[in-house]
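Visitor: I am new to reading structures. Could you take me through the terms used for this one?

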Amino acid sequence: AGTRWRDRTPEPAEPALRRLSHYLLAHYQKGTRPVRDWRTTTNVAIDLMVYAILSVDEKNQVLTTYIWYRQHWTDEFLRWDPARFDNLTQISLPAESIWVPDILINEFVDVGKSPHVPYVYVGHRGEVQNLKPIQVMTACSLDIYSFPFDVQNCSLTFTSWLHHIRDINLSLWRQPELVKFDRSVFMNQGEWELLYVLSRFQEFSVKSSDSYAEMKFYVVIRRRPLFYTVSLLLPSIFLMVMDIVGFYLPPNSGERVSFKITLLLGYSVFLIIVSDTLPATAVGTPLIGIYFVVCMALLVISLTETILIVRLVHKQDLQPHVPEWVKRLLLERATVLLCVRGGKMFGQSRARRSDVSREVEDADSAGK
């Protein structure tokens with residue numbers, strides 16, 4: 001009998017993680033707030049780090065970001081003595097098995113494609129850490145007046161949807177200075193650049209009812225204008241310069257009108273292409289859109305002026321002769337009023353032109 005007892009191997013003890021998990025969740029009720037005294041306020045510390053700016057929809061006023069979100073609170077029913085469980089001080093538990101605060105973002109407009117993190121970390125003193133990445137699609141009032149040199153300020157407001165401030169209070173996990181200039185995880189090098197993230201705590205109440213705690217994060221981003229400068233502003237400036245250069249063409253050559261019409265058609269095609277790039281909102285028109293309209297109006301005025309000049313050049317033989325009193329008024333009197341020197345020179349040149357015109361008329365009459 002003793003030999004058989006020595007040959008029998010002892011059964012292994014249950015692992016500490018299983019014993020601790022069973023100890024914590026055996027009689028746990030996740031439907032109630034985890035405090036022993038109902039007057040105790042559950043303080044939830046939150047933190048936010050912007051990972052990427054996915055898209056900015058100016059037409060629908062929607063900002064899509066990818067953030068790393070962290071929560072921290074104390075659960076009075078998840079405490080244990082580490083000496084009883086092999087000096088285990090931290091364990092991961094399913095998030096569906098414990099109480100989790102109902103903190104939402106007020107600006108949510110759609111549920112993003114966020115990965116599901118099923119576990120939370122719990123410390124032996126009851127500290128619960130919930131860390132998860134979230135794709136946030138929020139409403140934001142976008143100001144596109146200075147497009148593409150605009151800076152946008154969008155807020156993310158975290159608050160408990162049901163519990164007032166006496167039950168759940170919010171605080172900031174880190175110092176505001178550390179949150180403001182933390183770009184350690186920002187990995188997006190696209191159109192938008194993250195400037196800083198401001199944080200502010202405030203209380204909110206509706207019609208003198210119970211107050212709710214809110215933690216606001218202001219995400220300030222700036223658009224990188226290099227692409228729009230090269231593709232929008234520079235081509236428009238080049239077309240306007242060519243329009244000015246077109247005035248050096250002689251008006252009697254017949255090429256000035258066709259050149260101006262070609263520029264006008266080219267600018268019209270350019271505006272059709274640009275219309276898909278400019279943000280379309282009902283709030284206001286960007287300043288660059290007004291600039292394009294003014295450039296288009298200047299091209300039309302330039303073409304109209306060119307047509308009038310060409311008509312005057314080709315129809316000058318059909319115009320009646322200028323009366324002598326008009327010549328004297330403009331070439332002699334007006335030069336004194338306008339402080340133009342050489343009034344006598346204008347008068348002498350006018351006399352020579354009149355003598356030449358008389359000689360031409362006498363020659364024509366003699367020839368007839």
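Visitor: What makes the pair His163 and Asp102 a polar contact?

Guide: A note first: this is a predicted model. The side chains of His163 and Asp102 are joined at 3.2 Å. A polar contact needs N or O atoms within 3.5 Å, so the pair, at 3.2 Å, counts as one.

Visitor: Where is His163, and what is it in contact with?

Guide: His163 sits in the loop between β8 (151–160) and β9 (168–172). Setting aside neighbours within four places in sequence, His163 is in contact with Asp102, Ile168 and Tyr212.

Visitor: Why is the meeting of Arg70 and Asp47 called a salt bridge?

Guide: Their side chains come to 2.5 Å, N to O. The rule asks for a side-chain nitrogen of Lys or Arg within 4 Å of a carboxyl oxygen of Asp or Glu, so this pair qualifies. Arg70 belongs to strand β2 (residues 62–74) and Asp47 to strand β1 (residues 42–57), so the bridge ties together parts 23 residues apart in sequence. By this rule the count is eleven salt bridges.

Visitor: Which residues of α4 and α6 meet?

Guide: From α4 they include Leu232, Leu233 and Ile237; from α6 they include Ile288, Tyr291 and Phe292. By class, the residues of this contact are ten nonpolar, two polar and one charged.

Visitor: And α4 with α5: why is that pair called roughly parallel or antiparallel?

Guide: The axes of α4 and helix α5 (residues 255–275) come within 10 Å and cross at roughly 170 degrees. Angles over 145 degrees count as roughly antiparallel, so α4 is roughly antiparallel to α5. Among the residues making the contact are Ser231, Leu232 and Pro235 of α4, and Phe259, Lys260 and Leu263 of α5. The contact has nine nonpolar, two polar and two charged residues.

Visitor: Which peptide bond is cis, and what is its omega?

Guide: The bond joining Phe147 and Pro148 is cis, with omega about 0 degrees. Pro148 lies in the loop between β7 (127–139) and β8.

Visitor: What is the phi of Gln61, and where is Gln61?

Guide: Gln61 has a positive phi of about 55 degrees although it is not a glycine. Gln61 is in the loop between β1 and β2.

Conventions
Residues numbered from 1 in each chain as written. Predicted model: local features only at pLDDT ≥ 70, side-chain atom pairs only at ≥ 80, totals over all residues. Heavy atoms only, no water. Helix = DSSP H or I, 4+ residues; strand = E, 2+ residues; numbered from the N terminus. Polar contact = N/O pair within 3.5 Å; in protein donor to acceptor, adjacent residues only side chain to side chain. Contact = heavy atoms within 4.5 Å. Nonpolar A, V, L, I, M, F, W, Y, C, P; charged D, E, K, R; others polar. Axes fitted to C-alpha atoms, helices over the stretch in contact; angles between N-to-C directions. Parallel < 35°, antiparallel > 145°, perpendicular 65-115°, else oblique.
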